[in-house]
Amino acid sequence: SSRRDWCMKTSTLETPAAAAAPRLNYAAVAPATVQALLALQQAVNRTGLDARLRHLVTLRVSQINGCAWCIEMHYREALAAGETPTKLYVLSAWAETSLYTPRERAALRWAEVLTRLAGGHVTDEDFAAARAEFSEVELANLSLTIVAINGWNRMNVGFRIPPGMEG
C-alpha cells in the first residue's frame with residue numbers, strides 16, 4: 001500500500017461526522033433571525049477594522065470552535081485580503097511565533113479569551129493588553145466581530161454545515 005493510500009484511509013475527512021449530511025438548513029427555516037445575524041456581520045465588516053486583522057481573528061475563533069465551514073471561508077478571504085500563507089498556516093500557534101504584530105497578538109489574545117469564557121473570566125491583564133493596542137471604539141467593534149463569528153460557528157457546528165455548502 002502506498003503512502004497516499006494510507007493517508008487517504010486515515011484522513012479525518014472520512015470520519016462519519018465529517019461525511020454526514022447537514023442536520024438542518026437553518027437559513028431556510030429561520031430566515032428572519034439569520035438575517036439579524038447577517039446584519040450584525042455586515043455592520044462589523046464596515047467598522048473600519050483592517051480586513052486582514054478581522055480575518056485572522058475570525059479564522060482563529062473558528063479554529064478554536066472547530067467550524068470547518070468558517071475555517072475554509074476565512075482562510076480564502078484572508079488570502080484574498082493580502083494575508084500571507086505563512087501567518088495563516090501557523091495561526092493556531094500564534095503565541096509561539098514572532099510573525100504577528102503587537103496589534104494582531106492583542107486581537108488574537110482578546111479573541112481567545114472571549115471565545116473561551118468557560119475557562120474563566122476575562123482578566124484585567126487581558127483587557128489591558130487589548131486596550132494597549134485598540135481604542136475604546138475599536139475594542140468594542142473587535143468584540144462584536146468576535147461575537148458574530150462565535151454565533152456563526154455555533155450554528156454551523158451545531159447543524160454540521162460542511163465547507164462549501166451554500167445557505
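Because the model is predicted, local features need pLDDT of at least 70 and side-chain atom pairs count only at pLDDT 80 or more, while totals for chains, interfaces and linings use all residues. Residues are numbered from 1 along each chain as its sequence is written, and side-chain values use heavy atoms, with hydrogens and water left out.

The secondary structure of the chain consists of ten helices and zero strands; helices (H or I, at least four residues) and strands (E, at least two) are DSSP runs, numbered from the N terminus. Read from that end, the order of elements is α-α-α-α-α-α-α-α-α-α. Among the contacts (heavy atoms within 4.5 Å) with a separation of 6 or more, 68% join residues 24 or more positions apart. The chain has 167 residues, of which 31% count as buried. Here buried means under 20% relative accessible area, exposed over 50%, and partly exposed in between, with a 1.4 Å probe and protein chains only.

The interior may be considered next. In soluble globular proteins, nonpolar side chains tend to be buried together. A nonpolar core is a set of buried Ala, Val, Leu, Ile, Met, Phe, Trp, Tyr and Cys residues joined through side-chain atoms within 4.5 Å. The largest such core in this model has 22 residues, and those with the most contacts inside it are V57, W110, F134, L142, I146 and W152. At least two residues of this core come from each of helix 4 (31-45), helix 5 (51-65), helix 8 (102-115) and helix 10 (136-158). Apart from it lies another core, of eight residues, including L56, W94, Y100 and L108.

The structure holds zero disulfides, a disulfide being a pair of cysteine sulfur atoms within 2.5 Å. For C67, the closest cysteine sulfur is that of C70, at 3.4 Å, which is too far for a bond.

Charged pairs come next. Side chains of opposite charge can pair when their charged atoms come close. The search of the whole structure finds eight salt bridges, each defined as a side-chain nitrogen of Lys or Arg within 4 Å of a carboxyl oxygen of Asp or Glu. One of them joins E112 and R60, with an N to O distance of 2.7 Å. Because E112 lies in helix 8 and R60 in helix 5, this pair ties together parts that are 52 residues apart in sequence. E112 is buried, with a relative accessible area of 14%, and R60 is buried as well, at 7%.

A further salt bridge connects D126 and R109 (3.0 Å, N to O). This pair also links distant parts of the chain, with D126 in helix 9 (residues 124-131) and R109 in helix 8, 17 residues apart. D126 is buried, with a relative accessible area of 10%, whereas R109 is partly exposed, with a relative accessible area of 26%. Salt bridges that share partners join R60, E112 and R116 into one network.

E83 and K87 form another of the salt bridges, at 3.9 Å from N to O. E83 is buried, with a relative accessible area of 4%. K87 lies in helix 7 (residues 85-89) and is buried, with a relative accessible area of 12%. Not counting residues up to four places away in sequence, K87 touches L99, Y100 and E104. Y100 also belongs to the core of eight residues.

The last feature is open space. Rolling a probe the size of a water molecule over the atoms shows where empty space is left. On a 1 Å grid over the protein atoms alone, a pocket is an open set of points where a 1.4 Å probe fits, with protein on both sides within 12 Å along at least five of seven lines; lining residues have an atom within 4 Å of a point. The largest pocket has a volume of about 490 Å³, where grid points are joined across faces, edges and corners and the volume is the space filled by probe spheres set on the points. Its lining comprises 23 residues, of which Y26, L38, W69, M73 and W152 lie nearest its centre. Helix 3 (26-29), helix 4, helix 5, helix 6 (68-80) and helix 10 each supply at least two residues of this lining. W152 is also listed among the residues with the most contacts inside the largest nonpolar core.
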